[in-house]
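Work through the exercises below with the sequence and the 3D structure in view. Try each task before you read its solution.

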Amino acid sequence: EALAPWVESFGLTLSDLYVGGSVAEELSLIMQPGRAQAWVCGPRVAVPLRSEQRFRIGEQAAAMRAHVLPLLRLPRAEAREVLHGAVRALADSTERPAAGAELLGRRFSKAQRRELAECLRAMDDPKRELDRVLDTVRTHALRAGLLACGDLRAALRLVLGEYFDLASVVNSQPALALLRFWVSTTFRSLRQQLGQTP
């Protein structure tokens with residue numbers, strides 16, 4: 001009951017819920033090819049959900065909606081390598097596919113691969129542009145997490161670690177993005193639309 005409204009607010013359907021997992025107080029979205037998403041609920045997750053748990057629900061649900069959840073679960077450097085390799089392999093059929101790119105390539109039509117190659121050729125610096133795409137989808141997911149939890153301090157703890165100060169916020173692009181979103185009228189409006197207090 002506590003999970004379904006948040007999942008549905010991101011346009012997903014809560015189908016299966018399993019109790020278990022390796023982290024006792026965590027909720028994780030798992031993908032099931034050809035089926036609706038399922039969630040794994042740690043054995044010590046209790047109602048009402050904590051801010052950090054609601055943040056993770058929003059973050060994962062938004063990433064799932066954007067079809068980038070597996071990419072965002074990787075450390076940034078590894079996600080960058082996978083994204084660059086996959087795009088390069090998809091756009092250039094003469095290059096040896098990166099890990100996972102061959103499977104990804106089968107999901108794209110020849111026309112889509114041609115369009116991707118044209119996009120890459122139009123970019124001044126494809127690696128830098130793809131890094132921006134990766135940063136944008138990460139920021140999108142973080143904002144969705146903040147939207148779900150409504151607690152800036154909890155969101156910043158998840159991004160920066162338990163102990164942070166103003167300097168660490170100022171020196172972190174993800175933290176600054178959360179802070180900007182927190183003070184925006186968009187954040188307040190979306191929270192109200194979700195029936196939550198700003």
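The model is predicted, so local features need pLDDT of at least 70 and side-chain atom pairs count only at pLDDT 80 or more, while totals for chains, interfaces and linings use all residues. Residues are numbered from 1 along each chain as its sequence is written, and side-chain values use heavy atoms, with hydrogens and water left out.

**Exercise 1. The whole chain**

Task: State how many helices and strands the protein has, and in which order they run.

Solution: Begin with the terms: helices (H or I, at least four residues) and strands (E, at least two) are DSSP runs, numbered from the N terminus. Counted in this way, the protein has 11 helices and 3 strands. Next, follow the elements from the N terminus, where the order reads α-β-β-β-α-α-α-α-α-α-α-α-α-α. Finally, turn to burial, where buried means under 20% relative accessible area, exposed over 50% and partly exposed in between, with a 1.4 Å probe and protein chains only. Of the 198 residues in the protein, 38% are buried.

**Exercise 2. The sheet**

Task: Find the order of the strands in the sheet and the sense in which they pair.

Solution: Two strands pair if DSSP finds at least two bridges between them. The sheet is open, its 3 strands have the order 1-3-2, and the pairing is mixed. Its edge strands are strand 1 (16-19) and strand 2, each of which pairs on one side only. Now take the two pairings in turn: strand 1 and strand 3 pair in the parallel sense over 4 bridges, with Y18 having V40 in strand 3 as its bridge partner. Strand 2 and strand 3 pair in the antiparallel sense, also over 4 bridges, and here I30 has A38 in strand 3 as its bridge partner.

**Exercise 3. The cores**

Task: Which residues of the largest nonpolar core touch the most other members?

Solution: A nonpolar core is a set of buried Ala, Val, Leu, Ile, Met, Phe, Trp, Tyr and Cys residues joined through side-chain atoms within 4.5 Å. The largest such core has 30 residues, and L27, W39, I57, L72 and L134 touch the most other members. Its largest share, 6 residues, comes from helix 7. A second, separate core of 14 residues includes L142, F181, W182 and F187. To see one member in detail, take I57 and leave aside its neighbours within four places in sequence: I57 is then in contact (heavy atoms within 4.5 Å) with L3, W6, V7, L27, W39 and L49.

**Exercise 4. Two loop residues**

Solution: Then move on to H67, which lies in the loop between helix 2 and helix 3 (69-72). H67 has a positive phi of about 60 degrees although it is not a glycine. The relative accessibility of H67 is 72%, and therefore H67 counts as exposed.
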